[in-house]
Amino acid sequence: MTDSAVIVGAGVIGLATAYRLARDGLDVTVVDAARSEAGASAHNAGWVVPIMSAPVPAPGMIGTALKWMGRRESPLSVRLSPRPEHVRFMTGMLRYSNAKDFQHGLEALTTLNQRTVELFDAYEKDGVPFEYHRTGQLMVFHTRKAMQGYQAAAEEVGRIGHTAVQLSGDELRDLEPALGAHVQMGLQCPQERHVDPVSLLQGLTERCTELGVRFLFDSPVTAIRHRGPVVTSVVAGGRELAADVFVLAAGVSTGVLARQAGFRLPIQPGKGYGFDDATGAVTLRHSVYLGEAKVAVTPLADRVRFAGTMEFGSTGTGVDRHRLRGIVRSAHEYLPALPANAQPPGWAGLRPMTPDGLPVIGPLPGKDNVLVASGHCMLGVTLAPVTAEVISAQIKGGRQESPVTRMARPFDPRRFASGRTRTAAHS
Ligand SMILES: Cc1cc2nc3c(=O)[nH]c(=O)nc-3n(C[C@H](O)[C@H](O)[C@H](O)COP(=O)(O)OP(=O)(O)OC[C@H]3O[C@@H](n4cnc5c(N)ncnc54)[C@H](O)[C@@H]3O)c2cc1C
């Protein structure tokens, strides 16, 4: 019988899980190392986009990264780092960057995203207060070649009712007059949504509190205590917290915690950058993906958010001005009203990346009462509610399979329990 849960991490994954488990009637405590919204969950584009279910490792992806290596404003970069876990991670990602694994990941993520929009709508119905937009998404391109990959992936997502309709440059400008003359074509994706990411974190925290969830901020988990295969407590901010079940949802730090519990998970940071423009220079209704530049633009109630870049090999959240300038300059090519020489203060976020581009959701091998909910790469906001559904089903059902847990098989942490990734899980 599971009555109580401790969730490590108050990012969007930890909070969505806390909300779901509290609704299941569990006694839930959430602990976080930071004082307030600190992780990637506060620093992202806020898109709810099943249409972008393609995993990051794709055929040709590493070649593109190598081509851009050394260019300080490029949207994708691999920093050379001698850290063995980084080298292992990049080697793994190279291995997964092939057509077969890409298709497997795309199908698995599409299936996982089946109820995403319905679950976000349910948040709203249940009174979670957050800024939620239903205006849909546009993906815009300068060249057909750049659009083709997105169009092919979107076809797969069509089977869950998310569509991508091809439009000409002029049709796109009719919808969004801010788009410049270089935009030649694009895709309109009316079922996609977007949120203000911080409002979602605050809204979930508020609703969780109403449901009786306890929060301990400024309390990093520093030790995991266990008796054989059962974790008995975690030590957070000097306090020992016991529970029946523990959920590791600590973003890029999940790998470190899993290691403490005896299992090696290859979760590494994929750094992204962004800035918020509140000058009113650019006005948009839809969220807009600037295809070749790989920049996400999100119109929010009081500002427009720009986000982009995937940088492997960096661990801190310091802002590299060159990368930020790269986002400004490339965005200007699609949205000319944004000054090319703008120098907004920026921010950075660390996406929890996995070598196969798929999240890690499920029981931690070697421990009977620890579940992992992490590694959501570029889709953590999108996949938060469904991840919580899976964790809830896994806790309720134990070892019994249900349609929800079956759908989550491709995300099982055990896929990393072979060869050199296996550690002394049972010691
Ligand atoms: C630039 C950018 C744009 C993005 N855009 C989108 C988007 O549009 N749509 C989308 O779906 N996704 C997007 N993402 C990805 C998304 O932001 C992430 O996948 C998601 O936020 C990960 O959430 P998380 O809860 O796993 O991790 P985090 O948000 O990092 O939260 C982890 C929490 O764990 C805490 N923690 C860490 N270690 C410990 C410890 N030892 N003890 C206690 N607490 C600990 C941290 O303080 C943190 O609060 C974007 C990411 C970036 C960087």
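Predicted model: local features only at pLDDT ≥ 70, side-chain atom pairs only at ≥ 80, totals over all residues.
View 1. A backbone N or O atom of G46 is 3.3 Å from an oxygen atom of the ligand, and a backbone N or O atom of M378 is 2.9 Å from a nitrogen atom of the ligand. On its own the ligand has 1000 Å² of accessible area, of which the protein covers 92% (Shrake-Rupley method, 1.4 Å probe). Residues are numbered from 1 along each chain as its sequence is written. Local features need pLDDT of at least 70, and side-chain atom pairs count only at pLDDT 80 or more, whereas totals for chains, interfaces and linings use all residues.

**View 2. The shell of residues around the ligand.** The ligand is surrounded by 35 residues (those with a heavy atom within 4 Å of it), and the closest are D32, S41, W47, V221 and T382. By type, the shell holds 18 nonpolar residues (Ala, Val, Leu, Ile, Met, Phe, Trp, Tyr, Cys and Pro), two charged ones (Asp, Glu, Lys and Arg) and 15 polar ones (the others, Gly among them). At least two shell residues come from each of α1 (12–23), β19 (346–353) and α11 (380–397), where helices (H or I, at least four residues) and strands (E, at least two) are DSSP runs numbered from the N terminus.

**View 3. The crossing of α1 and α11.** The axes of these helices, α1 and α11, which are lines fitted to C-alpha atoms over the stretch in contact, come within 8 Å and cross at roughly 45°.

Terms used
Heavy atoms only, no water. Polar contact = N/O pair within 3.5 Å; in protein donor to acceptor, adjacent residues only side chain to side chain. Axes fitted to C-alpha atoms, helices over the stretch in contact; angles between N-to-C directions.
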